[in-house]
Amino acid sequence: MTGLTHMAVASVIYRRGGLPAPVLLAAGFGSHFFLDRIPHYELGLGVNLALGLAGGLLLLRLAVRDRDLLLPVAAVIGLLPDILMQPGISSGFKAFHDFCHFKGSPVSPLMLVTEFAVTAACLLVLFQRKERRGG
Ligand SMILES: [Zn+2]
């Protein structure tokens, strides 16, 4: 699963979840393991980093527009499990992440179409302006 997808889904959970922010940030962290469980095609690190950087800049722009500094925090929290599983940080966490991750026969690159459609839908939801009431 791309880092961008994790960031976008965690951001939507935070923005649209309708619960207190700490609960939604925790749910965004948990969404990472749920998403990794879905059979998916893995992109290389370079493409993944480029997508994550582009998505991160988009989300920063949105955070500035909406004066919502927790939005980029939510995005990073969605990506955090992949950061924490890097060598030397926590072998126990890496083992847990690997346990949760999809392990099956290779998945077609065409699955990226579905993943990108979900990611694009998340970004569209995020960029919708909130309805203004009473004004
Ligand atoms: Zn992961």
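The residues touching here are Ala21, Leu25, Gly28, Phe29, Ser31, His32 and Phe33 from H2, and Leu70, Val73, Ala74, Ile77, Gly78, Leu80 and Pro81 from H4; contact means C-beta atoms, placed from the backbone, within 7 Å. Sort those residues and you get 10 nonpolar, four polar and no charged (Ala, Val, Leu, Ile, Met, Phe, Trp, Tyr, Cys and Pro are nonpolar, Asp, Glu, Lys and Arg charged, the others, including Gly, polar).

What you're looking at is a predicted model, in which local features need pLDDT of at least 70, side-chain atom pairs need 80 or more, and totals for chains, interfaces and linings use all residues. Numbering starts from 1 along each chain as its sequence is written.

Now for the geometry of the pair. The axes of H2 (residues 21-37) and H4 (residues 70-84) come within 7 Å and cross at roughly 30 degrees, with axes fitted to C-alpha atoms over the stretch in contact and angles running from 0 to 180 degrees between N-to-C directions.

Step back, and the chain has six helices and zero strands (DSSP runs: H or I of at least four residues for helices, E of at least two for strands, numbered from the N terminus). Its C-alpha atoms fill a box of roughly 55 × 30 × 25 Å along the principal axes. Buried residues make up 24% of the 135 residues, buried meaning 20 or more other C-beta atoms within 10 Å of the residue's own, all placed from the backbone.

Definitions and conventions:
Contact = placed C-beta atoms within 7 Å. Buried ≥ 20, exposed ≤ 12 C-beta atoms within 10 Å, placed from the backbone.
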